[in-house]
Amino acid sequence: MTIMVPTTCPFCGHTTYIQCDKDAYDRWQNGMSIQDAMPDMTPEDREMLISGICPSCWDDMFGEEDEDEDDDLDWEDDCDEEPLWDECGFNPYMGCYDFDC
Ligand SMILES: [Zn+2]
């Protein structure tokens with residue numbers, strides 16, 4: 001059977017539901033490595049299950065080969081309506097796990 005697993009993005013707090021097979025999910029929860037437990041899932045979906053990072057934040061971090069580390073202003077476009085990270089020194093390369101900042 002298929003279940004929807006909720007994951008919460010550590011960057012923007014967005015909840016994403018990931019569709020996966022319950023047996024596979026149980027195997028993973030029981031200690032099997034996620035690659036072995038869910039061989040049919042895309043690496044992106046597996047990574048989302050592990051990290052909870054939503055697709056837009058994922059794209060911001062890994063979707064494009066952006067070598068300019070100072071170019072962090074486009075981070076705010078996709079992640080959230082409230083780009084508060086720049087006020088609290090959020091570093092998109094380090095991550096920010098404080099939703100209130
Ligand atoms: Zn996000």
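Begin by selecting Met-4, which is found in strand 1, residues 2–8. The model on display is predicted.

Next, display the contacts of Met-4. Leaving aside residues up to four places away in sequence, Met-4 touches Tyr-17, Ile-18 and Gln-19. Select Tyr-17 from this group and draw a C-alpha to C-alpha distance to Met-4: the separation is 5.5 Å in space, although the two residues are 13 residues apart in sequence.

Now widen the selection to strand 2, residues 15–21. Strand 2 pairs with strand 1 in the antiparallel sense, and the pairing runs over seven bridges. Select Pro-6, which stands opposite Tyr-17 in strand 2. Then move to Thr-7, whose opposite residue in strand 2 is Thr-16.

Finally, follow the chain from strand 1 into the turn. The two strands, strand 1 and strand 2, form a hairpin with six residues between them. Which residue in the turn has a positive phi? Select Gly-13, where phi is about 80°.

How values were computed. Residues numbered from 1 in each chain as written. Predicted model: local features only at pLDDT ≥ 70, side-chain atom pairs only at ≥ 80, totals over all residues. Helix = DSSP H or I, 4+ residues; strand = E, 2+ residues; numbered from the N terminus. Contact = placed C-beta atoms within 7 Å. Pairing = 2+ DSSP bridges.
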